[in-house]
Amino acid sequence: MSNIPETGRTPRVQIRLIVIQVLVFSLFATLGGRLWYLQIRNGDEYTNEARSNHVQQVVQPAVRGSILDARGVPLADNETRLVVSASRTDLMKMKDDGKGVLTRLAAVLGMKPKDVMDKVRLCDAETPQPCWNGSPYQPIPVTDEATTQQALQIRERAEDFPGITAEPMAVRRYVAPGKANTAQVLGYLSPVTDEEIEKAKDTDSPFLRSDQVGRSGLERTYDKDLRGKAGVTRYEVDKLGRVIGLAQADKAEPGANVVTSIDARVQAVAEWELNNAMKEARKVFDDNTGTNYKADSGAVVVMEAKTGRVVAMASLPTYDPNAWVGGISAKDYARLTGKKSNFPLLNRAIQGQAAPGSIFKVIPTTAAVNAGYDFNGRYPCPSSYSIGNQVFKNFESQGHGSITLGQALEVSCDTVYYALSHQQWKKDGGLKPKKNPADWFYKTAHQFGLGAETGIDLPNEVTGRVPDRRWKQKFWEANKDYWCKIGKKGGDYIQQLSYENCLEGNLMRAGDSVNYSIGQGDTLVTPIQMATIYAAISNGGTMWNPTVGKAVVSADGKSVREIKPKSHGKLPMNAKTRKLMNEALAGVATRGTAAWRFGGWPQDKIPMHAKTGTAEVHGKQTTSWFATYTKDYSIVMTISQGGTGSGASGPAVRNIYNALYGLDMEGNQDLKKALLPQPQKALPKIQPDGSIDAPKITPYVPAKPESEEEDTALAGPPAATGRRD
C-alpha cells in the first residue's frame, strides 16, 4: 500500500480528465462543423455530384461541315466508314495493359502489333508520332478503313476484344476533285487535347473529348463554324450501371459549310502547271553550278484583282491530307516531317520567304518618283555600276544606254536602280545618316505592305522582311557577340566579314542599299504579298486582304454569313504614276523580258502586264519569279532553285491564263472553254436537306503542241543567248 496520501493525486487526475474532455469536445465540434459544411453549407453541390455519379452520357459527334469551292464542289466533306477504336481506360485495367487484346486486334486488321500499340499510346515531349494527342479517356481510333468482315469478327468475338469497338462513323474526306489537291489551303484535323478542352470550357464554343479540331489551313481558321455541336444523351443508371431512365438529350447540330473563292478547275490547272514547270526546270543545265537546276519547291497564287479573293493557291512539295484521317502512321509522319521531306506541310504561298529579284522593281520605281525623280526622265543604264572597289553588274552584263524608268522596268535594268538608290543613300548621310533620313526606298516598301502580314484568312502567315535601318540594328544586336568571337582582321573571307560586321554591322552601307534596290540582299517577300501588290496595281491602287473564305452557310442552307473583302491600304502612288507603270508593265509583256512568253497574246482584247525576276540566293541556285496581271486576275509564281523568271515560270503562268480565258497559243478565244473569264459573284445553293447540286470536275488535260517543232518554238531560245530575267 502506497505511503502517498490520496489527496495528493486528486488534482493531477482532475487535470487529465479536463484535458480528455477538451479533446473529446474538440473532436465532436470538428465533426459537427464538417457535417454542417457537407450537409448544409455545400449540401446542394454534393447532392448534384452524387446524382451525377448515377448519370452516364453518350456523345454523338456532330457531322463536320463541308468546305466547298466557289461553285459548290466539295473540297472537303465526310463519308461513312467503319472505325475500329480502343478504350485506353479499359486496356489499362488489364494485367498486361491490353497488349494481348491489341495483338489479337492487329491480327484481325492485318496490321503489325507494334503499329497498333503505337497508335494508342499517349503523346508527350519524348514520344514520337504516331501517338494519341487527344484525351486518354475517349476511344482512340486504330483504323478508319476496317472492312465489314473485320468489324463482324470484332463484334462476334467481343469476349476476345474487351475495350474494342467497331462502329460506322462520319469520317473526314479530302476529295481532290479533278485532282485539285488543295492540301495546304484546306489543312487537316487531329484530336482535341486536354489543354484545349480546359482553355475553351468557359467560351461559347467549348470542346468535348470526342472533338476533332483543325490544325492548319481553312480547317483551323473556320474550325468553330465547321465543327458544329455534338449531341449528348444523359442516362440515369443504378449502382450496377443499369439504365433506369433518360435524364436529358441534346441533339447534335451539324457544322456549317464554308464556301471558298477557290475554283477547283483553276486549282487543278495551277497545281499541274506548277508541278510541270518544276519538272521542266530540272531538265535545264545551270552553268553557274555545273548541274541541272534542282527546282526543289515552288508556289503559285491566282487572285481576283478587284477583290483580293484567292481563286487558286498551290504549293509544292505537297501531301495528301487524308493521311491524317483516323490518326497518321509513323511512315507517313516521317515522310511529311523528316529531314529529307522538304517540308510539304508548309504553305509556301504564304509561308515561303525569298528574295524577290526584279519583280520588286515596281517598289523602287515608285520610291524614286515619290523622292522627286521624273518617271519619264532619262537615266543611264550601263552594263555595271561601281562603288569603291565593288562592281555591281547588270543581268548578263547588258547595257541599254539612256532610258526612262518605264523602260528600266521593261528591260529590267539593274544599274538604273543601283544609281538611284546610291544617290538617295548619300542624300540621307551615307554611313553617318541624318537624324531623320528620308529612306524613300525602305519607307515605300512598308507602304506597299511588305514586312507585314497581308491579313489572309489562313493561319501562320509570315511577314517577309524589309532590311531597313531598324532591322539592321536589331540584327546586329542579336549577332554581334558571335561576329566578334569568330571575326579576325585579315583572316579568310568569313573571318574578315565577321570582323567588319562586329565593328559596324548595324550601319546601312552603300552596298546594302544598292542590293536592296533590285530585290536582293536581305530582302524577303512571300508570293501572296507580291500577288496582292500586282493586283493593287491592276485595280487602281487598293490593297485587298487576300481571302479564301467567301461565305459560311448553315447545314440547311438557310443562314448565310458572307465574308466580304477588306482593304489594308492604298498603294503609295498617284493616278499618273500608276498609269505610267501600267503601261511599262504592259511593255514587259509585249516587248520586254516577258515578251517571248506571250507571243500571240490578244493584247488588244485582254491587256497583259508582267514582270520577271531572277533572284540570286547565297549558296543556292537562282529563284525564278513571274508576276503578272490583267484587269481581272493577278498571278504570281515562284520556283526555288528553278532558274530565270520567264524561263522557268513563264510557260506555266501563260497556260494558267489560257485556261482562265479559253485561249490557245495563237490568242484565239473560245469562251466555252474559258474557266473564269469574269470573277464569280453568286454563291452555290445548298438545299434544306444539306445536298448541293455541284457540277462535276474533270481532270485538267494540258494542250499539246501539234509537232515537236512547234514545241521547240514555244520553249523559246536558250537562256544563255538572250535576256531572260
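**Ground rules**

I number residues from 1 along each chain as its sequence is written, and I leave out hydrogens and water, so that side-chain values use heavy atoms. Since the model is predicted, I ask for pLDDT of at least 70 for local features and count side-chain atom pairs only at pLDDT 80 or more, while totals for chains, interfaces and linings use all residues.

**Entry 1: salt bridges**

My rule for a salt bridge is a side-chain nitrogen of Lys or Arg within 4 Å of a carboxyl oxygen of Asp or Glu. How many salt bridges does this rule give? The count comes to 24.

I looked up E410 and R591, which form a salt bridge with their closest N and O atoms 2.9 Å apart. E410 sits in helix α15 (residues 405–411) and R591 in the loop between α22 (575–590) and β23 (609–615), so this pair ties together parts that are 181 residues apart in sequence. For these labels I take DSSP runs numbered from the N terminus: helices are H or I with at least four residues, strands are E with at least two.

Are the two partners buried or exposed? I call a residue buried under 20% relative accessible area, exposed over 50% and partly exposed in between, using a 1.4 Å probe and protein chains only. E410 is buried at 11%, whereas R591 is exposed at 58%.

Next I checked K472 and D512, whose side chains meet in a salt bridge at 3.0 Å, N to O. K472 belongs to helix α18 (residues 469–486) and D512 to helix α20 (residues 510–516), so the pair links parts that are 40 residues apart in sequence. K472 is buried, with a relative accessible area of 8%, and D512 is partly exposed at 21%.

I also noted R509 with E504, where the closest N and O atoms are 3.9 Å apart. E504 is partly exposed at 32%. Elsewhere, salt bridges that share partners join R64, R172, E219, D223 and R227 into one network.

**Entry 2**

Two packed helices are described by the angle between their axes and the distance between the axes. My axes are lines fitted to C-alpha atoms, for helices over the stretch in contact, and the angles between N-to-C directions run from 0 to 180 degrees.

I found helix α4 (residues 99–109) packed on helix α6 (residues 148–156) at about 150 degrees, with the axes 10 Å apart. That makes α4 roughly antiparallel to α6, on a scale where angles under 35 degrees are roughly parallel, over 145 roughly antiparallel, 65 to 115 roughly perpendicular and the rest oblique. L105, V108 and L109 of α4 make the contact with Q150, Q153 and I154 of α6, contact meaning heavy atoms within 4.5 Å.

I then turned to α4 and helix α5 (residues 113–120), whose axes come within 8 Å and cross at roughly 125 degrees. Here α4 is oblique to α5. On the α4 side I listed K99, L102, T103, L105 and A106, which meet P113, V116, M117 and V120 in α5.

**Entry 2: two side chains on backbone oxygens**

Which backbone oxygen does the side chain of K434 reach? K434 reaches that of K427, at 2.8 Å. K434 is in the loop between α16 (414–427) and α17 (440–447) and is exposed, at 51%.

S538 lies in helix α21 (residues 527–539) and is buried at 16%. A polar atom of the S538 side chain is 2.7 Å from the backbone oxygen of T630. Leaving aside neighbours within four places in sequence, S538 is in contact with A305, R578, Y629, T630 and K631.

I logged a cis peptide bond from Q129 to P130, with omega near 0 degrees; P130 lies in the loop between α5 and β4 (140–143). The bond from L316 to P317 is cis, with omega near 0 degrees, and P317 is in the loop between β14 (310–316) and α12 (330–337).

I noted positive phi in K179, near 65 degrees, and in A295, near 40 degrees. K179 counts as exposed at 66%, while A295 counts as buried at 0%.

Methods. A polar contact is a pair of N or O atoms within 3.5 Å; within protein, one must be able to donate a hydrogen and the other to accept it, and residues adjacent in sequence count only if both atoms are side-chain atoms.
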